[in-house]
Amino acid sequence: IFFFFTMATLRVSSLLASSSSSSLHCNPSIFTKCQSSPRWAFSFSVTPLCSRRSKRIVHCIAGDTLGLTRPNESDAPKISIGAKDTDVVQWQGDLLAIGATENDLARDENSKFKNPLLQQLDSKLNGLLSAASSEEDFSGKSGQSINLRLPGGRITLVGLGSSASSPTSYHSLGEAAAAAAKSAQARNIAVSLASTDGLSAESKINSASAIATGVMLGIFEDNRFRSESKTPALESLDILGLGTGPEIESKIKYAEHVCAGVILGRELVNAPANIVTPGVLAEEAKKIASTYSDVITVNILDAEQCKELKMGAYLSVAAAATENPPYFIHLCFKTLTKEHKRKIALVGKGLTFDSGGYNLKTGAGSKIELMKYDMGGAAAVLGAAKALGEIRPFGVEVHFIVAACENMISGAGMRPGDIVTASNGKTIEVNNTDAEGRLTLADALIYACNQGVEKIIDLATLTGAIVTALGPSVAGAFTPSDGLAREVVVAAEASGEKLWRMPMEESYWESMKSGVADMINTGPRDGGAITGALFLKQFVDEKVQWLHLDIAGPVWSDEKKNATGYGVSTLVEWVLRNAL
């Protein structure tokens, strides 16, 4: 019996050694033609977009995967977006969407709209707009909308609430317009606000950008895994009444680049674990570096190279996944200029599938079938890299780091009670194999600090506790740095993504002490999101400003049964605000 198990162990060890020492080799990527951005052209200028920016990635796969799944090609529609001063009442097209606040819906003593634009439209429609809004009890509240089908096209009224003062309101307006366009198979649409009173010139530009973002992301559908799908007909979007000129043109082009990154993030998370493996993530990183080779470089480390760097925490999680070995991804963005650069890092949790290991996820509430989204942090980081490759900010050097692997079960896998050693020498007693993401992030954060960065943001679908605390739409932000917290909150507000700063209660660390090692990897259920953040803090250099974003809630939409691309917009905005 001893001989049998010894020979089996030697055989497994031999296979592991063979796989870890080989060069990067994985299942062919579904992202085989990684171009720079979706085919969204803009009508601001007669000069066409360059060919590199006019194409988007085509998703296909060569070869077989588990289940013989071959994703369809996916291509976002070509949309011409223009900011125009055309009179809204005179505009001609398939669908006109108007965002109206509750104040805009105020009526006079004759039950007529007081708002000049709504008054003009209602007059042109012989009172149909007023009658429909009354009949449907439309009062301009957030989330409300009514649709009028007319002989010459359609009009959609979208409620903006008591006031439209945030990018989220205008983003929602764009999404509502996109939904109406898809329903009507409209080719040409326009979006306008019922009133722009009180909006500064800068606010108008930001509003136009948020509306364009809402339409671009709202019209996109990930149909790669459907046997049949309907392609949206939308060809053009006119944004009316918010101004024209180079500033608004630049802002909407910026939105285009960010949307391309968000869509990449969505597609990476949406793709199942039999399609997106650690090797596929590594290939995708290589394609991003190849597309933007003048500003982005890539270094992919295999298991043997990670072993040389003593990444014991990361490799312990990956040990069971012998069929899909780990790959440590490091992209670096920097422009070829001599000015001083601020060095920052974005670190993303990259578990392409999380079974829970020996602490297996079981039961209806475990969401094991959704654990493809456990690499949502990595998807956001790669999406941000793609967007920044287009935007090319000066004065900043950005490191994008992902420790990609699977958390599976096998005789070679990590067991509850094992003690693993991170690359900074700290030891961790594994009391729960389903708290694996923090083990991979430990070595990733140490690696990031070793790049000489000043600031780090990590994103991870780390805990269910954060969803219990903040619900499905809000990420939790943890940091000991008040300054960095303010930076990220401002970036998130500008991007329209929701987060909330959470406490770093140091007294909770006592519950993370081990009797035989430096620490355990998970504490009691109460305060689980906080102890998770405190665990990560042990692997960050004290001289480095660090913020942890727990995105377990907003990474996925249960309502749409789709990934959201959360984090890309905030990361890009934060990087640009750190450019010197």
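## Close-up views of a predicted model

**View 1. Asp302 sits in a loop between a strand and a helix.** The loop with Asp302 runs between β7 (296-301) and α9 (303-308); helices here are DSSP runs of H or I with at least four residues, strands are DSSP runs of E with at least two, and numbering goes from the N terminus. This is a predicted model, with local features needing pLDDT of at least 70 and side-chain atom pairs counted only at pLDDT 80 or more, while totals for chains, interfaces and linings use all residues. Residues are numbered from 1 along each chain as its sequence is written, and side-chain values use heavy atoms, with hydrogens and water left out. Is Asp302 buried or exposed? Asp302 is buried, at a relative accessible area of 11% (buried is under 20%, exposed over 50%, partly exposed in between, with a 1.4 Å probe and protein chains only). Look for Tyr327 as well: 25 residues separate Asp302 and Tyr327 along the chain, yet their C-alpha atoms are 5.0 Å apart.

**View 2. Asp458 lies in strand β13.** The strand covers residues 455-460, and Asp458 is buried there, with a relative accessible area of 0%. Which residues does Asp458 touch beyond its neighbours within four places in sequence? The contacts (heavy atoms within 4.5 Å) are with Val347, Leu441, Leu445, Leu536, Trp546, Leu547, His548 and Leu549. For Leu549, the gap in sequence from Asp458 is 91 residues, while the C-alpha to C-alpha distance is 6.1 Å.

**View 3. Two non-glycine residues with positive phi: Gln185 and Lys561.** Gln185 has a phi of about 55° and belongs to the loop between α5 (167-184) and β5 (188-193). Its relative accessible area is 31%, which puts Gln185 in the partly exposed class. For Lys561, phi is near 55°, and the residue is in the loop between β18 (556-557) and β19 (562-563). Lys561 is exposed, with a relative accessible area of 65%.

**View 4. Helix α7 packs on helix α11.** Two packed helices are described by the angle between their axes and the distance between the axes. For α7 (residues 246-270) and α11, the angle is about 150° and the axes are 8 Å apart; axes are lines fitted to C-alpha atoms, for helices over the stretch in contact, and angles run from 0 to 180 degrees between N-to-C directions. That makes α7 roughly antiparallel to α11 (over 145 degrees is roughly antiparallel, under 35 roughly parallel, 65 to 115 roughly perpendicular, and the rest oblique). The crossing of α7 past α11 is right-handed, a label used if the near helix is turned clockwise from the far one by less than a right angle, with anticlockwise giving left-handed. On the α7 side, the contact residues include Tyr254, His257, Val258 and Leu264; on the α11 side, among them are Leu382, Lys386, Glu390 and Ile391. By class, this contact of α7 with α11 has 10 nonpolar, five polar and two charged residues; Ala, Val, Leu, Ile, Met, Phe, Trp, Tyr, Cys and Pro count as nonpolar, Asp, Glu, Lys and Arg as charged, and the others, Gly among them, as polar.

**View 5. Helix α8 also meets α11.** The axes of α8 (residues 278-291) and α11 (residues 376-391) come within 10 Å, crossing at roughly 15°. The two helices are therefore roughly parallel to each other, and their crossing is left-handed. Which residues make the contact? Leu281, Ala285 and Ile288 come from α8, and they meet Ala378, Leu382, Ala385 and Lys386 of α11. By class, that contact of α8 with α11 has six nonpolar, no polar and one charged residues.

**View 6. Helices α14 and α16 cross at roughly 120°.** The axes of α14 (residues 482-495) and α16 (residues 568-578) come within 8 Å. That makes α14 oblique to α16, in a right-handed crossing. From α14, residues including Leu484, Glu487, Val488 and Ser495 meet α16 residues, among them Ser569, Glu573, Trp574 and Arg577. The class count for α14 with α16 is seven nonpolar, four polar and three charged residues.

View 7. Zooming out, the chain has 16 helices and 19 strands, and buried residues make up 55% of its 580 residues. Of the contacts in the chain with a separation of 6 or more, 78% involve residues 24 or more positions apart.
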